[in-house]
Amino acid sequence: MTFETDLAAALAARDAPRVAVDVLVPADPYLDTAGESLRRRIFLTRGESGEDLCLRPDFTIPVCLRHIEAQGVLPRRYSYLGLVFRQHRRERETEFRQAGIEDLGEPDVAAADARALADALAALATCGLAGDLTTLVGDQALFEAFLAALGLPAGWQRRLIRTFGDDVQLASALTRLSRPAEDRLAGLEPELHALARAGDRGGLSAIVRERMEEGGLSPHAGRDPSEIAARLIEKVAIAEARLDAAALARLKAFLAIDCSLAAASGELRRLAAESGVDFGRALAQFEARNAALAAAGVDLAALDYRAAFGRPLDYYTGFVFEIRPRAGGEVLAGGGRYDRLLTYLGARAPVPAVGFSLWLDRIEAIGGDTP
């Protein structure tokens, strides 16, 4: 590809030295953050110690692991360019070239988010694609703030957050949440049901412990009675929680917001005033990011914001974006914020992080090799 040398240099010049990572990487972080459905789309093998390994399906996790292992200083930016390996249903190829930047530890979250999107647009320009692109922006933090304001049980909030970015699964979950209560716990004894509904963890624990002892089970084997009681309380809360018609209408009104990024703050504030929902810090962070994007020279009116847009990976925590050809087609660049990932991978303290990747084969296919 004639643009790769220029692209690698352009990425490194943005205070992001190029980093090399292993081709064979631990599989568990991918399976845990993307779900078991990913197992069919990655190339798995076993290590000498029996651990699951895979050919890297992206660079984000390997770059983060390398930073943790090297005990790198923060903040730190890394660029990369190389092969990733995936089994795509629509494509015969299983090897794809990706490039991108991972930005770790920058405390100014709004500035780092804005820089990631600005860098992605600049990288596409280096590849010869400066125009005829459409950029879609979303923010999972706003969705999470809206759910919290509705007062849903924590279990339901987690369930809906896991579906964010998948319109079909989210719609199905909302339909289930809005239906009249169903007797999903028919086998639960009335006494246990009443204690769980009341949130009486101590009372439940005592009964569970008694039943375990009667059955000859050690309360120290597997989950202890307190953990079982907590899980039962959550199951009952999830089974019996329902959104009334007014709350469901407010949530659907939020998810229906689809406008230019320049107009998004006004739409969100209008909805907050009409519905009485307080977005809190999430909206302030959203507006700070927009200000940082404008300061970076990005035209907010040329970007689209959709409240229902997310990327279905568990580690994304806020800002997400995708860039496609305006005429339609596959994603050329995408990224977002993943503040939870490094802690999960073994970092000693939380690390704010954001990044993006470019699909070089797709860029070349639409003529991106001609600057």
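Guide: Start with contact, meaning heavy atoms within 4.5 Å. Helices (H or I, at least four residues) and strands (E, at least two) are DSSP runs, numbered from the N terminus. Axes are lines fitted to C-alpha atoms, for helices over the stretch in contact; angles run from 0 to 180 degrees between N-to-C directions. Here, helix 12 (residues 261-275) lies across strand 6, strand 7 and strand 8 (303-306), at about 125° to strand 7. This is a predicted model: local features need pLDDT of at least 70, side-chain atom pairs count only at pLDDT 80 or more, and totals for chains, interfaces and linings use all residues. Residues are numbered from 1 along each chain as its sequence is written, and side-chain values use heavy atoms, without hydrogens and water.

Visitor: What order do the strands of the open sheet have?

Guide: Strands of a sheet pair through backbone hydrogen bonds, either parallel or antiparallel. Two strands count as paired if DSSP finds at least two bridges between them. This open sheet has eight strands in the order 4-5-11-10-9-6-8-7, with mixed pairing. Strand 4 (76-85) and strand 7 (258-260) are at the edges with a single partner strand each, so one side of each lacks a neighbour in the sheet.

Visitor: In which sense do strand 6 and strand 9 pair?

Guide: Strand 6 (residues 133-139) pairs with strand 9 (residues 319-325) in the antiparallel sense, over seven bridges. The bridge partner of aspartate 139 is phenylalanine 319 in strand 9.
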